[in-house]
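The sequence and structure come first.

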Amino acid sequence: MSEKNEDRLETIFKLQKGLSEMMKLDRYPKDSEGRISALSTAIIHEAVELQRTTNWKWWKTPVPFNVSEAREELIDIWHFVVQASLELNLTPDDILEEYKKKNEINRERQRNGY
C-alpha cells in the first residue's frame, strides 16, 4: 500500500516504531510494566504542558491562547500514547475495536444518566 493510500493511524504507528528504533534506550525500563509506567508519567507531564498553554489560572491576567503551542504539546502526548500502544502490542485495528467497545459503554452511561 502506498503511503497516500495507507491508513493514517498505520502511518503514525510506523513512524513511531521507526523513531523508537533510532533512540538511545539505555535508561528506558527493560520490563513491560516499567515501560508503561514511564510512558504514563510522560503522558501526564505532557498533559500538564498542554494545560499550561491555557489560561487555567483564574487569578492571573489571561494571555492569548497559542494554538500552535497547544497542538505541539498534544502531538507530544500522541507520541507517548502510540509508543504505549506499541508496548502493549495494540494494533490500529485493536485500538479501533477497543475504542468502539468503550464508546458504547460511555454512550450507555449517558443514556442512563451517568
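## Overall form

Of the 114 residues of the protein chain, 18% count as buried, where buried means under 20% relative accessible area, exposed means over 50%, and partly exposed lies in between (1.4 Å probe, protein chains only). The model is predicted: local features need pLDDT of at least 70, side-chain atom pairs count only at pLDDT 80 or more, and totals for chains, interfaces and linings use all residues. Residues are numbered from 1 along each chain as its sequence is written, and side-chain values use heavy atoms, with hydrogens and water left out.

The protein chain has four helices and zero strands, giving the pattern α-α-α-α when read along the sequence. Helices (H or I, at least four residues) and strands (E, at least two) are DSSP runs, numbered from the N terminus.

The radius of gyration of the protein chain is 18 Å, whereas a compact globule of 114 residues would have one near 13 Å. This radius is taken over C-alpha atoms, and the globule rule is 2.2 Å times the number of residues to the power 0.38. Along its principal axes, the C-alpha trace spans about 50 × 45 × 35 Å.

## Salt bridges

Side chains of opposite charge can pair when their charged atoms come close. The structure holds six salt bridges, each being a side-chain nitrogen of Lys or Arg within 4 Å of a carboxyl oxygen of Asp or Glu.

Lys17 and Glu21 are four residues apart in helix H1, so about one helical turn separates them. Lys17 is partly exposed, with a relative accessible area of 45%, while Glu21 is exposed at 58%.

Glu98 and Lys101 both belong to helix H4 (residues 92-111), where they sit three residues apart, about one turn of the helix. For Glu98 the relative accessible area is 43%, which is partly exposed; for Lys101 the value is 51%, which is exposed.

Salt bridges that share partners join Glu104, Glu108 and Arg111 into one network.

## A negative patch

Which residues form a negative surface patch? Asp7, Glu10, Asp93 and Asp94 do. Patches are made of residues with over 30% relative accessible area and no salt bridge; like charges are joined within 9 Å, and nonpolar side chains (Val, Leu, Ile, Met, Phe, Trp, Tyr) within 5 Å. Asp and Glu count as negative and Lys and Arg as positive, while His and the chain ends are not counted. The place of a charge is taken as CG of Asp, CD of Glu, NZ of Lys or CZ of Arg. Accessible areas come from the Shrake-Rupley method with a 1.4 Å probe, and for residues only the protein chains shown count as cover.

Glu10, one of the patch residues, is found in helix H1 (residues 8-22). Its relative accessible area is 32%, which makes Glu10 partly exposed.

## A loop residue

Asn89 lies in the loop between helix H3 (67-87) and H4. Its phi is near 55 degrees, a positive value in a residue other than glycine. Asn89 is exposed, with a relative accessible area of 64%.
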